[in-house]
Amino acid sequence: MCSDCGCGDPDVVPLEVQERILSDNDRTAAHNRAHFVEAGVLAINLMGSPGAGKTAVLEATARAAAGRLHLGAVSGDLATDNDARRLTAAGVPSASITTGSACHLDARLVHHALHDVAWRELDVFFIENVGNLVCPAVYDLGQAFNVVALSVTEGEDKPIKYPVMFRKADLVLLTKVDLLPYLGVSVAAIEDGLARVMPEPRMIQVSARTGEGIDAWLRWLEERRPPRPAAGARGHDHDHGHGHGHGHGHGHDHGHDHDHDHDHDHRREPGHHHHHHHHAGGHDHDG
Amino acid sequence: MHEYSIVAALVDRVAREAGPRHAHVQRLAVTIGELAGVDVPLLQTAYDTFRAGTVCADAELTIRQVAAEWRCPGCDTALARGAPLRCATCGRPARLTAGDEIILERIEMEVPDV
């Protein structure tokens, strides 16, 4: 009750929250990231416009990496599973995430998709995002690195038109460079744009068609692979899913349905989202 | 159009606070940075569309916008807008010091006397 005048009106309480609106997504992303780190899998969030050549680059990557790296992927797509089928045919076992009308992947969609791919056995796990230069940049998925595919046909000013996306990029793959002789596109102008939106611009020129640059891209990936877990710590046949190994001892159900909204589990774990390393470390409590 | 999913997350978050208190939410204050990837008019439209029938039905949304600010981590010099993101003096890569916020700052709600 209002304590000033006794009028009987309810009090208006200002509650200072000061929290990221997407904090639930951030927590799920941290959970995904902990899984990838613990398993020694390099997770890459591959973004870019529709038609930038994301799938084609992955197909070329698979050809070049055959026998060197185990690759796998999930592909976000509004309506089809074409990309996942193309990747699987190219030797990259892939699952599809059909987002319906959603213009981006979020951490929960990725987490669900992990049940459909034997991702633990992989060296590099590609999360091929929905073709879009805006929305995907806003959502952390738990990846180690963001890679943005930008094709030479898209125009030199794409980086400064989409600064949010390119700021998040750890690497830009300039794709379809085999077309450069036919276009009036200046690679230097693209590099200048990137320097204005990326504090540490890195770009590799590739052609999925000719294979140019794919080796440099593979080297970039190999240099960033996390350490493998010690022998024995890996490959134990537990369900990757929810609830295991969070380092808390209250023994909740490990065999429960995968389709529930597990975000609630995380909320019961104070500080979990800031301490995902402890998540990995606490992995063995249930043997 | 991820603004709708941001509004959904916002309304969920508010419901977690207001629900258990049986509170009547009157106002929300959020901060959106220039480089957050959120279109502010679209966020407002999405909120106005989405709030009906939720705990936010009567709650006014106040959006504070924050300009992007890049600074040198060495000498703290602010970079000119649109300039390459490298300090002209030290040569170090700049750091974004403001402008990527997507923050729920405050919920103002009427809490019934119990």
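Asp123(A) is located in the loop between helix H4 (107–113) and strand E5 (124–128) of chain A, where helices (H or I, at least four residues) and strands (E, at least two) are DSSP runs, numbered from the N terminus. With a relative accessibility of 7%, Asp123(A) counts as buried; buried means under 20% relative accessible area, exposed over 50%, and partly exposed in between (1.4 Å probe, protein chains only). Residues up to four places away in sequence aside, Asp123(A) touches Gly40(A), Val41(A), Leu42(A), Arg68(A), Leu69(A), His70(A), Arg225(A) and Arg228(A), a contact being heavy atoms within 4.5 Å.

Residues are numbered from 1 along each chain as its sequence is written, chains are lettered from A and ligands numbered from 1 in the order in which they are written. Local features of the predicted model need pLDDT of at least 70, side-chain atom pairs count only at pLDDT 80 or more, totals for chains, interfaces and linings use all residues, and side-chain values use heavy atoms, with hydrogens and water left out.

Chain A contains ten helices and eight strands. Of its 287 residues, 51% are buried. Among contacts in chain A between residues at least 6 apart in sequence, 73% join residues at least 24 apart.

The largest nonpolar core comprises 48 residues, and those with the most contacts inside it are Phe125(A) and Leu28(B). Such a core is a set of buried Ala, Val, Leu, Ile, Met, Phe, Trp, Tyr and Cys residues joined through side-chain atoms within 4.5 Å. Helix H1 (residues 3–21) of chain B supplies the largest share of this core, six residues. Another core, of 28 residues, lies apart from it and includes Leu46(A), Val206(A), Ala208(A) and Leu221(A). In soluble globular proteins, nonpolar side chains tend to be buried together. Phe125(A) itself, when neighbours within four places in sequence are left aside, is in contact with residues including Phe36(A), Ile44(A), Val74(A), Leu114(A) and Trp119(A).

Five aromatic pairs are present over all chains. Rings of Phe, Tyr and Trp (its six-membered ring) pair if their centres lie within 6.5 Å; planes under 30 degrees apart count as stacked, over 60 as edge-to-face and the rest as tilted. Phe36(A) and Phe125(A) form a tilted pair, 5.6 Å centre to centre with 40 degrees between the planes. This pair links helix H1 (residues 23–39) of chain A, which holds Phe36(A), with strand E5 of chain A, which holds Phe125(A), across 89 residues. Phe36(A) is buried at a relative accessible area of 2%, and Phe125(A) is buried at 0%. A tilted pair is also formed by Phe126(A) and Trp217(A), with 6.1 Å between centres and 40 degrees between planes. Here Phe126(A) lies in strand E5 of chain A and Trp217(A) in helix H8 (residues 214–223) of chain A, 91 residues apart. Both Phe126(A) and Trp217(A) are buried. Together with Phe145(A) and Trp220(A), these two residues form one aromatic cluster.

An open sheet of four strands with mixed pairing has the order E1(A)-E5(B)-E1(B)-E2(B), two strands being paired if DSSP finds at least two bridges between them. Its edge strands, each pairing on one side only, are strand E1 (11–20) of chain A and strand E2 (60–66) of chain B. On average, neighbouring strands of this sheet are turned by 15 degrees against each other, direction ignored. Strand E1 (residues 24–33) and strand E5 (residues 102–111) of chain B pair in the antiparallel sense over eight bridges; His24(B) has Glu110(B) as its bridge partner in E5(B). H1(B) lies across E1 of chain A together with E1, E2 and E5 of chain B, and runs at about 35 degrees to E5(B). Axes are lines fitted to C-alpha atoms, for helices over the stretch in contact, and angles run from 0 to 180 degrees between N-to-C directions.

Lys176(A) has a positive phi of about 65 degrees although it is not a glycine, and is placed in the loop between strand E7 (171–175) and helix H7 (187–197) of chain A.
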